[in-house]
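Please keep the sequence and the structure in view while reading.

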Amino acid sequence: MQHCFILCFLSSRFKISKVIVVGDLAVGKTCLINRFCKNVFDKNYKATIGVDFEMERFEVLGVPFSLQLWDTAGQERFKCIASTYYRGAQAVIIVFDLTDVASLEHTRQWLEDAMKENDPTSVLLFLVGTKKDLSSPAQYTLIEQDAIQLADQMKAEYWAVSALSGENVREFFFRVASLTFEANVLAELEKSGSRRIGEVVQINSNSNNLYATSKKKQPNCCQ
Ligand SMILES: Nc1nc2c(ncn2[C@@H]2O[C@H](COP(=O)(O)OP(=O)(O)OP(=O)(O)O)[C@@H](O)[C@H]2O)c(=O)[nH]1
Ligand SMILES: [Mg+2]
């Protein structure tokens, strides 16, 4: 009952979280988002000009919640436009290509640029290696070591995905959604000084079935 009350309270406050996706040109940012939001994959490269935008709806513990996904351009000439959209991000997804070590090295710079516009103490960070389908096991093992080390230094969570095969794509975005939601809830509760309530609503962010759980059983929480 208390749980339900809290969820009602929360649903009125946590509707949308801003997520920005950054990284070198052609590492696969747009394909990653399109695989998740539209379940499509395009093998032809079409550079993002400035920024694109997708909204994806979730339900976490029965509470409607949306991620605003800002797909930014990796090309140098569009960087200036894209960076004007960095501000106010609750999560930053820094993308590199698992078959291109230079793109991993550049992630530090992408992070630095994104953080100029955001509060480093509250932003959730994800380091994502794409095109897993293209890397051989030996190549993957090598780059993974560096990526994990870098993610550790950045205090980012590391993921390896493939937009072509879809490997790990849903799992990754569900993780982003659950951690972002949880961070919102805890920040709000901290503001109102309700630490005990925070313990009640803390969600299991390992859950892979945010949609499934909530869609099957939508609690009518105010009854
Ligand atoms: N094999 C394979 N190719 C991929 C994958 N993801 C992206 N690509 C290819 O990589 C190229 C670039 O992908 P995009 O998603 O457009 O790259 P981007 O990072 O959005 O590039 P910018 O918009 O210029 O910053 C395209 O030709 C894609 O088909 C993947 O997981 N596997
Ligand atoms: Mg793009």
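Does T48 count as buried or exposed? T48 counts as buried, because its relative accessibility is 11% and the cut-off for buried is under 20%. The model discussed here is a predicted one.

**Magnesium site**
- The magnesium ion (ligand 2) is coordinated at 2.0 Å by the OG1 atoms of T30 and T48.
- These two residues link distant parts of the chain, 18 residues apart: T30 belongs to helix α2 (residues 29–38), while T48 lies in the loop between α2 and β2 (51–60).
- T30 is partly exposed, with a relative accessible area of 24%.

**Cysteines**
- Zero disulfides are found in a search of the whole structure.
- C37 takes part in no disulfide, and the nearest cysteine sulfur, which belongs to C31, is 12 Å away.
- C37 counts as buried at 18% relative accessibility, whereas C80 counts as exposed at 61%.

**Aromatic rings**
- The structure contains 10 aromatic pairs.
- In the pair of F65 and F181, the ring centres are 5.2 Å apart and the planes stand at 80°, so the arrangement is edge-to-face.
- This pair also links distant parts of the chain, since F65 in strand β3 (residues 63–72) and F181 in helix α7 (residues 169–191) are 116 residues apart.
- Both F65 and F181 are buried.
- A cluster joined by ring pairs comprises F36, F58, F126, W159, F172, F173 and F174.

**Lysines over rings**
- K18 is placed over the face of W70, 5.1 Å from the ring centre.
- K79 is placed over the face of W110, 4.4 Å from the ring centre.

How values were computed
Residues are numbered from 1 along each chain as its sequence is written. Chains are lettered from A and ligands numbered from 1 in the order in which they are written. This is a predicted model: local features need pLDDT of at least 70, side-chain atom pairs count only at pLDDT 80 or more; totals for chains, interfaces and linings use all residues. Side-chain values use heavy atoms; hydrogens and water are left out. Donors are N, O and S atoms within 2.8 Å of the metal (3.2 Å for Na, K and Ca); water is not among the atoms, so sites may look incomplete. Helices (H or I, at least four residues) and strands (E, at least two) are DSSP runs, numbered from the N terminus. Buried means under 20% relative accessible area, exposed over 50%, partly exposed in between (1.4 Å probe, protein chains only). A disulfide is a pair of cysteine sulfur atoms within 2.5 Å. Rings of Phe, Tyr and Trp (its six-membered ring) pair if their centres lie within 6.5 Å; planes under 30 degrees apart count as stacked, over 60 as edge-to-face and the rest as tilted. A charge sits over a ring if NZ of Lys or CZ of Arg is within 6 Å of the ring centre and within 35 degrees of the ring normal.
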